[in-house]
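Please look through the structure below with attention to its aromatic residues and its strands. The paragraphs that follow go through these topics in turn.

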Protein chains: 2
Amino acid sequence: MDKEHKSTQSETDVLIVGAGPSGLMAAYWMARYGVKARIIDKRDTKVFVGHADGLRARTLELFDSMGFQHRVLHEGSISTEANIWVPGPQGKLIRQAHIDIYKVDESPFYNTRLNQGRIERFILDSIREHSDLDVERSVVAESLEYDEKLSNDPDSYPITVKIRVLGEDIEAESEATDNEVNCGNLLSDDWADLAQREKPQKTQVETIKAKYLIGCDGAHSWTRKQLNISVEGSNTDHIWGVIDVIPLSDFPDIRRVSVVTNAAGTILVIPRERELVRFYVPVQTCEVGASDRFDRSTITPELIWARVQAILSPFTFDFKECSWWTVYQVGQRIASQSTKDNRIFLAGDAVHTHSPKMGLGMNMSMQDGFNVGWKVALAVAGTLKPEVLETYASERHPLAEMLLEFDRHWAPMFTDRKPEVVGTKASDMALIAGKFEDFADGWKVFYPPSSLVQKAEDNVEFAFARHMIPGERVLPVKIRNHADGGTAWTTGVLESDGRFRILVLAGDIRNPMQKQRIETLTQFLAGQSGSGISPLGRYLEIPGRFKSPIDVLTIHASPWKEVEFFDFPEILHPLDPVKGWAYDKIWCDDACMFDRYCDGTAYEKWGVDRVLGALVVVRPDQYIGWVGELGDVEELTRYLDGILVKKSTDEVGPSREYHIRK
Amino acid sequence: MDKEHKSTQSETDVLIVGAGPSGLMAAYWMARYGVKARIIDKRDTKVFVGHADGLRARTLELFDSMGFQHRVLHEGSISTEANIWVPGPQGKLIRQAHIDIYKVDESPFYNTRLNQGRIERFILDSIREHSDLDVERSVVAESLEYDEKLSNDPDSYPITVKIRVLGEDIEAESEATDNEVNCGNLLSDDWADLAQREKPQKTQVETIKAKYLIGCDGAHSWTRKQLNISVEGSNTDHIWGVIDVIPLSDFPDIRRVSVVTNAAGTILVIPRERELVRFYVPVQTCEVGASDRFDRSTITPELIWARVQAILSPFTFDFKECSWWTVYQVGQRIASQSTKDNRIFLAGDAVHTHSPKMGLGMNMSMQDGFNVGWKVALAVAGTLKPEVLETYASERHPLAEMLLEFDRHWAPMFTDRKPEVVGTKASDMALIAGKFEDFADGWKVFYPPSSLVQKAEDNVEFAFARHMIPGERVLPVKIRNHADGGTAWTTGVLESDGRFRILVLAGDIRNPMQKQRIETLTQFLAGQSGSGISPLGRYLEIPGRFKSPIDVLTIHASPWKEVEFFDFPEILHPLDPVKGWAYDKIWCDDACMFDRYCDGTAYEKWGVDRVLGALVVVRPDQYIGWVGELGDVEELTRYLDGILVKKSTDEVGPSREYHIRK
């Protein structure tokens, strides 16, 4: 051992390499499940300005389930339309079209921009709220050994990573150098992270043994290279500059998303938070082969500025304040696989890179991290069957492919300079955007059948819940809490706390036969029928967090004033000896006068009969896993048995005990 | 001088005594105007749990103008109805009525509960965001001298206050003792305030000379006593207990505001944030004279508990967790005056005390502080004519009287135990609540005519802006930003940044005559007509903050897609050499599909013609000061001349310079 360095050895259940958006989303789950985990990053601070900034509505829905979407909405900038500008008959730029980039009633949220640094702030704050986990910065992973022989033993540590904890003797890679032009205007809750961290005097080496490794280490992923996972695709021959400035311009749509094309090229104008506007600007077409990397040093902010001026002309363009800029060569690449034996996983840019102009990269990456995180954490906890981990690759890898497919259609809109395309620019873009809208906004994720996703036969919809599609999200609606009468979006009610959630869509319990059906269902839930084992007490607990990995949430369709909280059986709102009745578990789909969004149309939007109801299982990551009728309790049990680890028989106590609330 | 104590002397422009809600609201303005101020409090920490918790909608509207209502909504508990329970024919408690306690479309906000400690947190954070001002805790005011001879010289320091900065040698009064039963569950952003502050070794004495003093020091106000200001009214003979618990109860409306009356008495049930419910409970009727204070020590949580059990019976009631409790004797009192020479002011409980059961006390107090704060700060800045300070007493003191009048009607609803009133309980309460609704919710403040409030002749409404009433708030509506198309409530757009705001309700500028009227108006605003002096450049600046104490905000009524940002004259969206055009200054009253609340009805709600528009001045505290037609520029100037200090002639430069944005 190098005598300059102190070396230590330790064990952890999960090691996450890289603390960008995808790594932090994975870490969120470690915090929520209370799993022993570490997250390291080679940079010495988080991101503060610039970088990714586009948030799709589905991402905000997930943030709502995580408890911090209100912070994003407070700071972010929302866009609901895009404008296409092309040269008009006289050659002067004219607005060819407004294109709406929202769907009415599809989500409470819209396309929003807020820089990656703030998103990291919010996830970090949430992690801290739920755990002691903290990012270890200025830590470089140096070597990875993986013992395949151990891969089938979930309790083993097949992964060995050597890390170097950089000391004062070595200069770390800093986000604050490079292209962060103006960091002087940070929000106060970021100040602590900007301050220099205390580092060891000398660089130290540590060996970490881990059960699982999640590589969220970006386009040049160290993890991926260690595993010799190949990457398919190539650099394109297009070089782009990106610049975040407060513009001085008389272009009328400078605060609206705009695509501006003229003979000099195409730029994308993206208004952002705090008076900033981002410009994506073509700066050069490489003469060299597409696979070569170009020489960055030739590109300067002045050059980008001149390009924007040329393309926006005759409108003026200038700026005094620039907060960040960068330059990149578009690479359309996908890793050939996103896991090694379901012990090591890749997520985010480590799997897919593409043109960063549609607000997709950060969203896809975060949803990768969100998908893999809960599965790994719940497997480590012992509650999830390890084979379910296969669904990470089967669910997310096709989406990475779809992302590249989309990019292959979309990117030419910005690079194709043939004059004849200008006349149809708006309609061409609208066509592509429309085709990929469900995918891009995250309305659909197309998760295929698996142990986690029980599709209807032949993939037709379930007649009793036509718009509750296994493998897709729950369409967000606003519902009313039965106990207090307050309203809330389902995106927040379906809290990402780590549990599977049985949605009891109870229908109209004023109907005596329906009330009887609910009674029968709750006897099953309470373990008083059939096998006598409650599904809530049947599976291993989430240690230290929940006695049961399954939560039950009831949403009925009777008028709010015509039924009472205690009309619902106890198991649907169990009594905790300290916290009392679970008032947050009974909700109502009824219109209320004081909230225009709570209009009593949840059942209709979900395609569920208002009397008969339905039964739905929502996975911890807020995708639908299983749909059935209220009586389909055996099928429900089969579904859960396929995912969760059962207790040994002598562990199964009286079911009542397992309804302890957090 | 006592050799144990170090004594110092210093000067400040404004000294605020008491850092509760009213003191902090006043301090907010010191922070926003950048005024030299200090705020002291005898307690050694802020409040954390319990205390006041009711927020009326108007308070939330003001919070929106201050930038933090989203934090309140995220944490608070909203109620939109109240339930009246009385013994039914069989003697068992029955729900006699639901009473709606909201008005549709009156405000984006509703009755909300969140404890005083969190409100203090948010105001403190806002103060910190805008200044270096911080509360000095464990500081006791000891003596007050006031030199009346100096009262007419605004630059003098007529006030001398000796304070004692408590050191380690003396134990401070702490909020954390007394009745705070459970502080173990604080939100993380309060942790720093709970930590022991560093104190001087020994108690120190300091003499502060101040231009103005604001006494926000509660019902037993030290400031009031120093001034020998008498208090009218008395203690009632009713003793109440208050207890914040997580209830274990089968009372169906435990999470809904409820008034429960039976032979044993009347309790008020108030659901709160974080599973807490507050109970107001009559515990004793004094046999002694009403003016005597009773012996608190005889009241315990157990006694309160037993009373709730008795009144809720036959429903169950118990609890394991109690976060706070207290006991009080209702005092209905009002100070005979709320100012001394308009150099010393009283605000909040120092002026008025009453039964704390309608969520009014904290709201009234904060609005007192909000009213006096901006006036004192702007007078200190030299921008406001000192005589305007008279409006604090003329505006707020009648409201204190109204508050007591309301309380005299309302309090008996909880104390009158005659059996015959039970049958009409619900209708009686609805009648009183309805009569005082506008006052209680803050929809109306009834500010009388003054230099700040220019009423229409004979108090009739202005025909061209029928629902823009001088002395009242701007009815909140959702409008659309012209530049970016995003929507926002006027409560947030009308930011409480310290400036008067001219609302240019521009009407429909597609109409050529209307466009000409706007042109004429903007020539006046730019100082290119008549006197040649722009009203924006006419008055002294707010030093260090704004070149002009007047901001201009345009809300037009043309369809959003049919006019362009640059159709509006430059003075309405001035160019800052760094920040660019003022994109946040042009708004539109047009419906948009993606936001159900942005329905294009602002002009209608304000009673303004969609073509012809109107001109409105909103005061810094978000009340309407003046209303006119677009051509009424001379009247506008007269109004402003009555309030603001003009520059001397040689200071008036070219008006253009004064449109520099923050």
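## Aromatic pairs and buried strands

In this predicted model, B:Y28 and B:W29 are both buried. In chain A, A:Y28 and A:W29 belong, together with A:Y33 and A:F370, to one aromatic cluster. Over all chains, the structure holds 53 aromatic pairs. One of them is formed by A:F251 and A:F315, whose ring centres are 5.4 Å apart and whose planes stand at 70 degrees, so that the pair counts as edge-to-face, the term for planes over 60 degrees apart. This pair links distant parts of the chain, since A:F251 lies in the loop between β12 (231-249) and β13 (257-262) of chain A, whereas A:F315, 64 residues apart from it, lies in the loop between α7 (301-312) and β16 of chain A. Both partners are buried, A:F251 with a relative accessible area of 0% and A:F315 at 14% relative accessibility. The rings of B:Y28 and B:W29 also form an edge-to-face pair, because their planes are at 75 degrees, with the centres 5.3 Å apart.

Rings also take part in arrangements with charged side chains. In chain B, the charged end of B:R480 sits over the ring of B:W560, at 3.8 Å from its centre, and B:R499 lies over the face of B:F546, 3.9 Å from the ring centre.

Turning to the strands, how many of the five residues of strand β2 (residues 37-41) of chain A are buried? Five of the five are, so the strand is largely enclosed by the rest of the structure. In a regular strand, side chains alternate between the two faces of the sheet. In β2(A) both faces are covered, with A:A37, A:I39 and A:D41 buried on one side and A:R38 and A:I40 buried on the other. Strand β1 (residues 7-17) of chain A runs parallel to β2(A) and is joined to it by four bridges, and A:V17 has A:I40 as its bridge partner in β2(A). With strand β8 (residues 135-137) of chain A, β2(A) pairs in the parallel sense over three bridges, where A:D41 stands opposite A:R137.

A:W325 is placed in strand β16 (residues 317-335) and counts as buried at 14% relative accessibility; its C-alpha atom is separated by 9.0 Å from that of A:T300, which is 25 residues apart along the chain. A:T554, in strand β23 (residues 550-556), is buried at 0% relative accessibility. Leaving aside residues up to four places away in sequence, A:T554 touches A:V504, A:A506, A:F568, A:L572, A:K585, A:I586 and A:W587.

Definitions and conventions
Residues are numbered from 1 along each chain as its sequence is written. Chains are lettered from A and ligands numbered from 1 in the order in which they are written. This is a predicted model: local features need pLDDT of at least 70, side-chain atom pairs count only at pLDDT 80 or more; totals for chains, interfaces and linings use all residues. Side-chain values use heavy atoms; hydrogens and water are left out. Buried means under 20% relative accessible area, exposed over 50%, partly exposed in between (1.4 Å probe, protein chains only). Helices (H or I, at least four residues) and strands (E, at least two) are DSSP runs, numbered from the N terminus. Two strands pair if DSSP finds at least two bridges between them. Contact means heavy atoms within 4.5 Å. Rings of Phe, Tyr and Trp (its six-membered ring) pair if their centres lie within 6.5 Å; planes under 30 degrees apart count as stacked, over 60 as edge-to-face and the rest as tilted. A charge sits over a ring if NZ of Lys or CZ of Arg is within 6 Å of the ring centre and within 35 degrees of the ring normal.
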